[in-house]
Amino acid sequence: MPFRRFDFRILAFWRTRSRRIWFALILTWLIVTVAAAYLAGATARRDASAELGRQSEAATALHAAVLRSELEKHRSLPLALATDPEIAQLLDAAPGASSEAINRKLEELARQTRAAVIYVIDAKGQTRAASNWRLPTSFVGADYSFRPYFIGAMRNGRAEFFALGTVSGRPGLYLSRRVDDARGRPVGVVVVKVEFDALEAEWAASGEPAYVVDPGGVILITSVPEWRFRTLKPLDLASRQLTLADQTLGHEALTPLPFATPDTNRPSLIKAPLGGVERDWMHSRAGTATPGWTLHLLTPTRGAIERATANARALTALILTLIFGVGGVLLRRRQQAVARERATEAARIELERRIAERTQDLSDANLALNRQIEERQLAEAAREALRDELVQAGKLAALGQIAAGVAHEINQPVAAIRTQAETAAAYLERDQASKAARPLQKIGDLTARIGAITQELRAFSRKAEPRLEAVPLPQAIDGALLLLGGRMRQLGVRLVREKPPANLMIMGDRFRLEQVIVNLMQNAMEALEDTPAPVVTLSILHRGAEIDLIVADNGPGVPADIRDHLFTPFVTSKPNGLGLGLVICRDIIASFGGELSLRPSPTGAEFVITLKAA
């Protein structure tokens, strides 16, 4: 009973603690969600505004490019007409001269270039020819000497002026150029009027209100007709009267727009009425090809910023709710796991005991397997050591076979040294020291040769750990031939050797490679004992990443009955051979990553050592 009461107290404590944890989790979720939603909304609003600003800037640049293209196309027209000799000839003629040909030319040009009207004014301001000469509103005969574009062109050579037409009442840009005669005297002006109805219609169709403002802040071109000739800000009385006089406008024009235009060049959010409804717009501006003209564009937000803000807040709240929900689920599972952990502890201990009993046999088998693995590793190490001993034994056996030849190679220099020493002594006894120098020099050369032979013997017989490195193949061949040269001369064997490049490098161990070459050449010399004119050939074949060293003889060759088993231990054609020499050679070459093989040959035997090029 006391034990049960203790359990109930623990249970009640855990329930109270669980309620507190859940209350803190919910409160934290509310606080974090509200704060994060506010920050996410502010960030989304800023990002959406920046993105809308970039889109507005791009659209403004596109509108400005279209306007520049339209203006540049029409600016070239008055310049070309001002240099037309027929127009200069017409202006030089007396008033009333026939101008039908010029009228037709101007009419065709206006049709092709979509100019509103093209006309020619003489020096007194009277129109002499016009593209609208057939229409009731023809400019022919009209006096435009008072118009600013005529006055400016006559004074400065060119002028541009945006105004309402005195006859048509339609707004447009007047582009004028002065016409000079052959003597450089001004005789008149060519005027091209450009109307922007099509461009304004395209702007209106895009759903983005656009307007072009002159340096005085007056709107000239716009996709919203009621904004034309209105201003960005109120004008003072003098500026208003001057503009009204220049533009020939009524006094109801030049009133400010019903919204404020930002002064900054950066995109800005504004509120502007359109169609009687106030809306949110992204305002941006860009320069045009006309000095002082500025293109303004209003891009509708269409609620994108508010939607982005609302979506960011909703998504943040959803994500945090999911995170806290997952946290609550994990907390609940953790509590349940703690409750189950105590209940399952005894079962786990019992299960471990049963598993330990049932896996005792497996443990014993595992120990036995580990012992077998250790024994196998020891056997492998012993096999490696035995192979090294066999390699060393092969070296010593080769040294025993070539000892007589090496002794002959050393005896000859020793005898020569004795003769040269006696000769030098005789010269010295006669006080002929200069003549003694030559025998002494020969003694030094012969001593160096003996040293080279003994050094090669010492290096060849040394037992060392094999290591793979870049080895000059010519050095390995020279070392083997240094040991075998005496015996070859004794046996009368002729050596045919292909001299390889001095920098031909292979991967291997030099002294073990020498052992292989010595073994193969000794086998060849033994096979040539009863062959007349015996020849051993050393040749090299370079095949990209591999190099073949070929040892061939002109002897009887390998018997057919052992050819397929030549590299099997204890298989030999020699009466007293053990059959291990070629096996050792093959293992040495295999340790280099190469291959030793017997190649079919019409005469004799041909062994190929394939090595990796370094």
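Predicted model: local features only at pLDDT ≥ 70, side-chain atom pairs only at ≥ 80, totals over all residues.
Strand β6 pairs with two other strands. With strand β10 (residues 294-300), β6 runs antiparallel and is joined by four bridges; within β10, H296 is the bridge partner of Y211. With strand β7 (residues 219-222), β6 forms three bridges, again in the antiparallel sense. Here V213 has I219 of β7 as its bridge partner. The hairpin of β6 and β7 has five residues between the strands, and G217 in this hairpin adopts a positive phi near 85 degrees.

## Helix α11

Helix α11 covers residues 510-527, and its 18 residues should span 26 Å at 1.5 Å a residue; the end C-alpha atoms are 26 Å apart, which agrees with that expectation. Because 14 of the 18 residues are buried, α11 is largely enclosed by the rest of the structure.

At the start of the helix, a side-chain oxygen of D509 comes to within 3.1 Å of the backbone nitrogen of R512.

## The protein as a whole

The protein contains 13 helices and 17 strands. Of its 614 residues, 38% count as buried. The accessible surface amounts to about 34700 Å², and carbon and sulfur atoms account for 58% of that area.

Among contacts between residues at least 6 apart in sequence, 61% join residues at least 24 apart.

Definitions and conventions. Residues numbered from 1 in each chain as written. Heavy atoms only, no water. Pairing = 2+ DSSP bridges. Expected span 1.5 Å × (residues − 1). Buried < 20%, exposed > 50% of the residue type's maximum accessible area, 1.4 Å probe, protein only. Polar contact = N/O pair within 3.5 Å; in protein donor to acceptor, adjacent residues only side chain to side chain. Contact = heavy atoms within 4.5 Å. Areas by Shrake-Rupley, 256 points an atom, 1.4 Å probe, with all protein chains shown as cover.
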